[in-house]
Amino acid sequence: MTDSPLLKVNDLSKFYGTRHGCRNVAFELWPGEVLAIVGESGSGKTTLLNCLSTRLTPTTGSVEYQMRDGSFRDLYHMSEAERRFLMRTDWGFVHQNPADGLRMTVSAGANVGERLMAVGNRHYGNIRATATDWLTRVEIGVDRIDDQPRAFSGGMRQRLQIARNLVTGPRLVFMDEPTGGLDVSVQARLLDLVRGLVSDLGLSAIIVTHDLAVARLLSHRMLVMKDGHVIEQGLTDRVLDDPHEPYTQLLVSSILQV
Amino acid sequence: MATPLVVSEVFKSFTMHLRDGIRLPVVSDASFSVAAGECVVLGGPSGIGKSSILKMLYGNYAVDSGQILVSHRGRFVDIASADPRTVLAVRRDTLGYVSQFLRTVPRVAALDVVAEPLISRGEDPISARQKAGELLEKLNLPKALWQLPPATFSGGEQQRVNIARGFITDHAVLLLDEPTASLDAMNRKVVVAMIEAKKKAGVALLGIFHDEEVREAVADRILDVSEFSPQRRAA
């Protein structure tokens, strides 16, 4: 375990006009740690995720990221080119809707290969071999490598999106409701896959979800958001087994038991 | 003798915000310690706070005040105030917990569920699975089940997977929440022998055992939890 965080978030706020999306958020993310951000629709989860991943510029605050050379850089003091390079190489972003993260009209293999080419790979044979390997890891049949994701089911698309994101060996992956819209058996498969990949690769991840069971399964630590504020945070099983805030108690008591 | 677990002046209450904020005190001024090689059993009637104590020690429940010191890599860590990252490190290397129920993960085979604590500490997966197999064999779990996810197992089978998972590491402190509750006599004996082996290896054990026979066999000392019960203090 290294003794410095991967991401340091200070006093982050995002205003939409006079209303706020998220307000005064501060936390640190450590290497190998999976953080879940939970809360109901409209609580500011996605705004926060977008502010962390440079998809949305925060109104105030800073997000510092530890580069591969060990130095900390404020994401919003980088040039656009540097940020884009980071997004392509060191980070992944898994969207709730796979169509937002995939190119639907090029082949599955090319979807994976594109990220590799973005980091400088040029040898077609190597790219195809790596793409084949990753499709196998996310349990997509190798015979589907030349098919377009348009022809894939929702669960397959989501797995392809994960392969596309992980192929460059990122250190940090953002996920926005990765299991939203999938039926439960497909969800279980995807969760197991994500869990295995995160622990095998030693990734850090920030996962936005409204599903507390997903958060319990995947995350080490949890932030609970309400009205743009982080109202409770801590070890995932502590927050779920012994919730302190009224809203967290309401969330936990609203889970359906099977 | 070394004392890897020291609990002092721990208080715990729950505030039920959904029920008009009523405050439910559950543990009041709990202080005790467990020495290496000792098995301490929490005694007292149901609902007196035994499980709550174990959950606080493991970090599942926050405490209102007090200290829970666990000797972790040569220094004491206070679980009550440690940050989540430290608690996870203590759980990985020092503090084990066998719960009453297994929280199953979809699609993960029983053998891998058992091997996981070793693999997460960097042990080679092949030797970790081999050790997992040895433990499951000792606990008489049919080999046909090893490659299946435990979600569909019977209560007793799940519990044996859970025990194997908790006992596979060399954690210096082990918390046991009724590990023998749904086991038959033969497997209870196996678990008693496993606890004996842990004691010999210098592990500090703290457990809840409702089964009298098991309790008699393993307990060095019984700690009456009703002494820490807020009701009693109010009376």
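**Exercise 1. Is Lys12(B), at 2% relative accessibility, buried or exposed, and which side chain does Lys12(B) meet in a salt bridge?**

*Solution.* 
Step 1. Start with the cut-offs: a residue is buried under 20% relative accessible area, exposed over 50% and partly exposed in between (1.4 Å probe, protein chains only). Lys12(B) has 2% relative accessibility, so Lys12(B) counts as buried.

Before going on, a word on the model and its labels. This is a predicted model, in which local features need pLDDT of at least 70, side-chain atom pairs count only at pLDDT 80 or more, and totals for chains, interfaces and linings use all residues. Residues are numbered from 1 along each chain as its sequence is written, chains are lettered from A and ligands numbered from 1 in the order in which they are written, and side-chain values use heavy atoms, with hydrogens and water left out.

Step 2. Now the partner. Side chains of opposite charge can pair when their charged atoms come close. A salt bridge here is a side-chain nitrogen of Lys or Arg within 4 Å of a carboxyl oxygen of Asp or Glu. Lys12(B) meets Asp242(A) in this way, at 2.5 Å from N to O.

Step 3. Helices (H or I, at least four residues) and strands (E, at least two) are DSSP runs, numbered from the N terminus.

**Exercise 2. Which chain B residues form salt bridges with Asp192(A) and Asp237(A), and where do they lie?**

*Solution.* 
Step 1. Over all chains, the count comes to 28 salt bridges. One of them joins the side chains of Arg107(B) and Asp192(A), at 3.1 Å from N to O. Arg107(B) is in the loop between strand E6 (95–98) and helix H3 (110–119) of chain B, while Asp192(A) is in helix H7 (residues 184–201) of chain A, so this pair joins two chains.

Step 2. Check the exposure of each end. Arg107(B) is partly exposed because its relative accessibility is 38%, whereas Asp192(A), at 18%, is buried.

Step 3. Turn to Asp237(A). Its salt bridge is with Arg91(B), and the closest N and O atoms are 2.8 Å apart. Arg91(B) belongs to helix H2 (residues 84–93) of chain B and Asp237(A) to helix H9 (residues 236–241) of chain A, so here too the pair joins two chains. Both Arg91(B) and Asp237(A) are buried, with Asp237(A) at a relative accessible area of 17%.

**Exercise 3. How many residues of helix H1 (residues 45–52) of chain A are buried, and how far is Cys51(A) from Asp237(A)?**

*Solution.* 
Step 1. Helix H1 of chain A is mostly covered, with seven of its eight residues buried. Among them are Leu48(A), Leu49(A) and Cys51(A).

Step 2. Just after this helix, Thr54(A) takes a positive phi of about 65°.

Step 3. Cys51(A) and Asp237(A) are 186 residues apart in sequence and 26 Å apart in space, C-alpha to C-alpha.

**Exercise 4. What lines the largest cavity, and which classes of residue does the lining have?**

*Solution.* 
Step 1. On a 1 Å grid over the protein atoms alone, a cavity is a set of points where a 1.4 Å probe fits but cannot get out, and a pocket is an open set with protein on both sides within 12 Å along at least five of seven lines; lining residues have an atom within 4 Å of a point. Grid points are joined across faces, edges and corners, and a volume is the space filled by probe spheres set on the points.

Step 2. The structure has one cavity of 30 Å³ or more, and the largest cavity has a volume of about 30 Å³.

Step 3. Its lining is made by Val7(B), Val10(B), Ala30(B), Ile53(B), Met56(B), Leu57(B) and Ile68(B). Helix H1 (50–58) and strand E1 (5–16) of chain B each supply at least two of the lining residues, and H1(B) gives the most, with three.

Step 4. Sort by class: Ala, Val, Leu, Ile, Met, Phe, Trp, Tyr, Cys and Pro count as nonpolar, Asp, Glu, Lys and Arg as charged, and the others, Gly among them, as polar. The lining of the largest cavity has seven nonpolar, no polar and no charged residues.
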